[in-house]
Amino acid sequence: MKIFQWMYDKALLWAKHRHAERYLFGLSFTESVIFPIPPDVMLAPMALAHPEKAWRYAFLTTLASVLGGVLGYLLGWLLYEPVVLPFIAYMGYQDTFAVVERWFSQYGVWVVFIAGFSPIPYKLFTVGAGLMQMAFLPFVIASAIGRASRFFLVAGLMYWGGAKMQQKLREIVDVLGWGTVGLGAVLYFIYG
């Protein structure tokens, strides 16, 4: 099933749209709060389509993601029971969120940095940080470093890899996508 390749091809089309930067910003912001598709899906093809703007795109993605993370933090801190808890139940994230809470207790601010860089759903950690009333400034710093590391790495790979990287990424995007899904399932069963 070539679902991820289809999404990649769509993202390449969006990357060439005149409002692509706005779409990227919106996607990055909402992914940090509720949206399930990571911004890398749009960042990579945009950096490939316009390598001279790769660093700008990485910065915009980071900024929007951290701002979305702040909103997630505030939701967890101020509106957990009336808004977040029903949403977590609706999405079926109860068990995953319980793991996130346990990781916060064990690892503190480091878990935000790791979640910011990894394919683990960052939104769970932004809301979890607010719920656990993590110190705000360390949360923002860890989010900024983790997210920037990830997005500048993606932009850099596309910038230096060029058209060859684009073709190679298109060939392996389904393997990467399903591998990430598989890794998430394995982590869930190990730590869940």
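**A threonine and its surroundings**

Thr62 counts as buried, its relative accessibility being 10%; buried means under 20% relative accessible area, exposed over 50%, and partly exposed in between, with a 1.4 Å probe and protein chains only. The model is a predicted one, in which local features need pLDDT of at least 70 and side-chain atom pairs count only at pLDDT 80 or more, while totals for chains, interfaces and linings use all residues. Residues are numbered from 1 along each chain as its sequence is written, and side-chain values use heavy atoms, with hydrogens and water left out.

Thr62 belongs to helix 4, which covers residues 54-78; helices are DSSP runs of H or I with at least four residues, numbered from the N terminus. The side chain of Thr62 reaches the backbone oxygen of Ala58 at 2.8 Å. Apart from neighbours within four places in sequence, the residues in contact with Thr62 are Ala144, Arg147, Ala148, Phe151 and Phe152, where contact means heavy atoms within 4.5 Å. Arg147 is 85 residues from Thr62 along the chain, yet their C-alpha atoms are separated by 5.7 Å. Arg147 also lies over the face of Tyr122, at 4.1 Å from the ring centre; a charge sits over a ring if NZ of Lys or CZ of Arg is within 6 Å of the ring centre and within 35 degrees of the ring normal.

Phe152 leads on to the aromatic rings. The whole structure contains 9 aromatic pairs, a pair being rings of Phe, Tyr and Trp (its six-membered ring) with centres within 6.5 Å; planes under 30 degrees apart count as stacked, over 60 as edge-to-face and the rest as tilted. Trp55 and Phe152 form a stacked pair, at 6.2 Å centre to centre and with 10 degrees between the planes. This pair links distant parts of the chain, since Trp55 is in helix 4 and Phe152 in helix 9 (residues 136-191), 97 residues apart. Trp55 is partly exposed, at 33% relative accessible area, and Phe152 is partly exposed at 30%.

Trp55 also pairs with Tyr159: the ring centres are 5.5 Å apart and the planes stand at 45 degrees, so the pair is tilted. Because Trp55 lies in helix 4 and Tyr159 in helix 9, this pair ties together parts that are 104 residues apart in sequence. Tyr159 is partly exposed, at 37% relative accessibility. Trp55, Phe152, Tyr159 and Trp160 form one aromatic cluster.

Key. Helix = DSSP H or I, 4+ residues; strand = E, 2+ residues; numbered from the N terminus. Polar contact = N/O pair within 3.5 Å; in protein donor to acceptor, adjacent residues only side chain to side chain.
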